[in-house]
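Please open the structure in a viewer and follow the selections below in order. Each stop names what to select and then describes what is found there.

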Amino acid sequence: MTANGTTSMPTSIPLLPRSEPPAPAASSAYVTYSRTDASETFPPTPPGPPRVQVQDLSVRYAPDATLVLDGVDLTLHAGETVALLGSSGSGKSTLMKSLTGFAPITSGTVLIENADVAGLNSRELRRLRSQVGQVFQQFNLIGRLSVLTNVLLGSSHHAGPLNRIGTFRTVDRRRAYELLERVGIADKATAEARSLSGGQQQRVAIARALMQKPRCILADEPVASLDPRTSHTVLQLLQSIARDEQIPVLVSLHIVPLALQHSDRIVGLRAGRIDVRGATTDLDGDALASVYAVDHEEEQA
């Protein structure tokens with residue numbers, strides 16, 4: 001209760017209900033880490049209905065070019081977090097781009113709920129993209145704008161035309177603040193986005209993605225520029241959002257320990273094809289080692 005008799009809005013809410021697990025050592029990167037080395041933040045739950053379905057997807061960027069993706073199948077269910085592993089050039093980013101039509105679908109099918117991505121016209125494709133939350137490595141915030149305004153920009157596709165930056169509906173302002181509470185940084189609402197740490201900026205980006213009321217969330221290397229402990233916090237947040245909001249999250253990662261601790265399933269790409277797939281509880285570093293194996297020709301290069 002404030003001095004004038006009104007009730008003040010809370011400035012933050014607890015982000016994690018449990019103590020944060022210790023970050024693994026840098027040397028444990030690929031095959032030395034097992035799922036049993038860390039406590040399970042979220043117990044396995046039955047998958048919800050399919051929200052994203054990829055069947056026999058192949059992608060090439062030019063008629064005579066090598067296939068970047070070759071016969072990929074992937075289903076994302078409501079409420080689950082799927083980690084996408086693979087070395088540089090394996091096709092991870094292309095797979096994510098194909099889900100929103102930014103990569104050409106050479107053959108196969110990509111469905112987001114009932115929308116066939118390859119069959120959408122330009123207007124329908126723009127609408128679909130506005131309903132897919134995107135979280136990037138570099139945050140993609142407007143640094144000079146406030147944290148709250150950056151989150152509100154996620155509502156622009158369903159809030160109608162804006163006369164100027166900062167003209168938003170009261171209902172959207174309320175939701176944006178609630179989302180900042182959800183990601184644990186409501187106390188930074190009026191701060192310029194560029195004044196925040198990397199981990200805080202990524203939380204703003206996640207809140208902005210949620211502001212879109214997305215059908216799914218695609219997180220492309222969201223922790224690549226963060227320290228290990230902050231990486232754990234961000235990935236734990238994404239997984240809790242997937243469970244609580246029943247939004248499938250596909251997160252592209254390079255580090256096997258993070259995938260083992262913060263996902264329900266893992267899909268490993270190698271040279272454009274799925275090399276390993278399975279429930280996280282059934283996999284460990286040894287099972288995933290082939291995803292990062294170096295071919296003999298590469299060793300000689």
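Begin by selecting helices α5 and α6: in this predicted model, α5 passes α6 in a right-handed crossing. Helix α5 covers residues 198-211 and helix α6 covers residues 228-245. Their axes lie 10 Å apart, and the packing angle is about 15°. Angles under 35 degrees count as roughly parallel, and α5 and α6 are therefore roughly parallel to each other.

Next, display the side chains where these two helices meet. On α5, select Gly199, Gln202, Arg203, Ile206 and Leu210. On α6, the partners to select are Thr230, Thr233, Val234, Leu237, Leu238 and Ile241. Colouring the contact of α5 with α6 by class will show six nonpolar residues, four polar ones and one charged.

The crossing of α4 and α5 is right-handed.

To see this second contact, select Asp172, Arg175, Ala176, Leu179 and Leu180 of α4 together with Ala207, Leu210 and Met211 of α5. By class, the contact of α4 with α5 holds six nonpolar and two charged residues, with no polar residue. Leu210 of α5 deserves a separate selection: this residue takes part in the contact with α6 and also in the contact with α4.

For the last stop, select Arg129 and Phe102. What sits over the ring of Phe102? The charged end of Arg129 is placed there, 3.7 Å from the centre of the ring. A search for pairs of aromatic rings, with centres within 6.5 Å, gives a count of zero.

Technical notes. Residues numbered from 1 in each chain as written. Predicted model: local features only at pLDDT ≥ 70, side-chain atom pairs only at ≥ 80, totals over all residues. Heavy atoms only, no water. Axes fitted to C-alpha atoms, helices over the stretch in contact; angles between N-to-C directions. Helix = DSSP H or I, 4+ residues; strand = E, 2+ residues; numbered from the N terminus. Parallel < 35°, antiparallel > 145°, perpendicular 65-115°, else oblique. Left-handed = near helix turned anticlockwise from the far one by under 90°. Contact = heavy atoms within 4.5 Å. Nonpolar A, V, L, I, M, F, W, Y, C, P; charged D, E, K, R; others polar. Phe/Tyr/Trp six-rings, centres within 6.5 Å; stacked < 30°, edge-to-face > 60°. Lys NZ or Arg CZ within 6 Å of the ring centre and 35° of its normal.
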